[in-house]
Amino acid sequence: MSTYNTGQQNNVIYQADPAVIRHLHGVRDSLHQSCRPYLNHQVSVQTLDGLVHEGTLAGVDNKHLYLNVAVNGQMPRGYYNPYQPYHPHPGPGPYPGPHPGPGPYPGPPNNNVILPLVLFELLAISLL
């Protein structure tokens with residue numbers, strides 16, 4: 001990120017406490033050490049918001065845990081499905097046959113997607 005100094009003073013809205021930053025770095029390091037041995041294992045992940053996701057631990061980096069989850073023909077909210085044709089308006093179009101309505105969508109051939117979860121929003125990870 002770059003900044004341009006206009007000679008005006010910037011008003012800081014928020015600045016993280018150095019102790020919090022050190023703690024978050026420790027959490028990140030702990031998650032890496034805890035998760036690496038369990039790559040490609042079935043896990044259950046609970047977020048701070050109480051959501052629970054089950055899938056295969058596909059990877060972890062410095063910001064995200066990647067979970068391979070089955071979608072069972074229904075794409076999770078907010079996911080782009082390249083196998084679902086785009087129809088800008090309901091109703092008849094230039095192609096014969098009915099237009100697909102809202103879900104369930106056919107999904108990719110193996111019906112799996114990679115769900116990236118933010119490391120700092122994870123509450124618990126357990127083996128299945």
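1. Reading from the N terminus, the elements of this chain come in the order α-β-β-β-β-β, which makes one helix and five strands. Helices here are DSSP runs of H or I of at least four residues, strands are E runs of at least two, and both are numbered from the N terminus.

2. Before going further: this is a predicted model, where local features need pLDDT of at least 70, side-chain atom pairs count only at pLDDT 80 or more, and totals for chains, interfaces and linings use all residues. Residues are numbered from 1 along each chain as its sequence is written, and side-chain values use heavy atoms, with hydrogens and water left out.

3. Some totals. Of the 128 residues in the chain, 20% are buried (under 20% relative accessible area; exposed is over 50%, partly exposed is in between, with a 1.4 Å probe and protein chains only). The chain's accessible surface is about 9900 Å², and 55% of that belongs to carbon and sulfur atoms; the areas are Shrake-Rupley values with a 1.4 Å probe, and for residues only the protein chains shown count as cover. Taking contacts (heavy atoms within 4.5 Å) between residues at least 6 apart in sequence, 65% join residues at least 24 apart.

4. Now for the helix. The 18 residues of α1 should span 26 Å at 1.5 Å a residue, and the end C-alpha atoms are 26 Å apart, so the two agree. The expected span is 1.5 Å times one less than the number of residues.

5. Which residues of α1 are buried? They are Leu31, His32 and Cys35. They sit on the same side of α1, because they cover an arc of only 100° around the axis (the arc of the directions from the helix axis to the C-beta atoms). Cover for these buried residues includes β2 (52–60), β3 (64–70) and β5 (122–127). On the other side of α1, the exposed residues are Pro18, Arg22, His23 and Gln33.

6. Cys35 has a relative accessible area of 3%, so it counts as buried. Leaving out residues up to four places away in sequence, Cys35 touches Leu57, Val60, Leu65 and Ile125. Take Leu65: it is 30 residues from Cys35 in sequence, yet 8.8 Å away in space, C-alpha to C-alpha.

7. His32, also in α1, is buried at a relative accessible area of 16%. With residues up to four places away in sequence not counted, His32 touches Val60, Asp61, Asn62 and Leu119.

8. Val20 belongs to α1 (residues 18–35) and is partly exposed, at 39% relative accessibility.

9. One backbone angle to check: phi of Asn40 is near 70°, positive in a residue other than glycine. Most residues other than glycine have a negative phi. Asn40 is in the loop between α1 and β1 (42–47) and is exposed, with a relative accessible area of 64%.
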